[in-house]
Amino acid sequence: MEYLVTMTTRVPDGTPAHEVDDIRAREAAHTRDLAAQGQVLRLWRPPLEPGEWRTIGLFAAADTGDLERVLASMPLRVWRTDEVTALGAHPNDPGPGKVPLAAGDEEYLVTLVVGVPAGTSPEAVDERFAREAGRARELAADGYLIRLWKLPGEGRNLGLWQATDATRLREILRSLPLGDWLDVETVSLTAHPSDPVTAGATP
């Protein structure tokens, strides 16, 4: 099963710099080990405010207990709190490793909440969702839609997208057949030095 984990680190005041550097180095080394074991799939940095230290990670684990063992094994856990979201399989997901990252594109996590208007016939709903599935396949083939999951809660979904910039992403999302039924929240992502996919490929 896959999980999205938002990891927030707060270094205690007065911690010596050499101790911080040591734990960060051990964290990076251990993350490489977890990636080799297939448990850390991706790591990103979200937009940060001054003084913030956060990472968003995509993890694979058998269950929440297994995930907790993985998170607890990471050296930075002594200073960190983790927010875990279970990700469910989505029928329109292109699948892991199917859509390559495009050089120079930005990645985005997009929460898509579907609200079907009251009074819409079941036939109209089925037709709209069928067109959405076809459009998702097109966008994956074009290299825009990387992954898609179901989130806890009715009609809630999470997509990992890539585009040249936020303007292009908005154009893509407006092209979705479900577009006028969606509430959309977008988080822009930047490369993390320990990301298993981009480590060594980004400056």
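Trainee: What is the accessible surface of the protein chain, and what share of it belongs to carbon and sulfur atoms?

Mentor: Accessible areas come from the Shrake-Rupley method with a 1.4 Å probe, and for residues only the protein chains shown count as cover. Here the accessible surface is about 10,800 Å², with 52% belonging to carbon and sulfur atoms. This is a predicted model, where local features need pLDDT of at least 70, side-chain atom pairs count only at pLDDT 80 or more, and totals for chains, interfaces and linings use all residues. Residues are numbered from 1 along each chain as its sequence is written, and side-chain values use heavy atoms, leaving out hydrogens and water.

Trainee: How many of the residues count as buried?

Mentor: Buried means under 20% relative accessible area (1.4 Å probe, protein chains only). Of the 203 residues in the protein chain, 42% are buried.

Trainee: Which elements does the protein chain have?

Mentor: Helices (H or I, at least four residues) and strands (E, at least two) are DSSP runs, numbered from the N terminus. The protein chain has four helices and eight strands. Their order from the N terminus is β-α-β-β-α-β-β-α-β-β-α-β.

Trainee: Where is Asp93 found, and which residues is Asp93 in contact with?

Mentor: Contact means heavy atoms within 4.5 Å. Asp93 sits in the loop between β4 (80-89) and β5 (106-114). Neighbours within four places in sequence aside, Asp93 is in contact with Ile146, Arg147 and Leu148. A polar atom of the Asp93 side chain lies 3.0 Å from the backbone nitrogen of Leu148.

Methods. Buried < 20%, exposed > 50% of the residue type's maximum accessible area, 1.4 Å probe, protein only. Polar contact = N/O pair within 3.5 Å; in protein donor to acceptor, adjacent residues only side chain to side chain.
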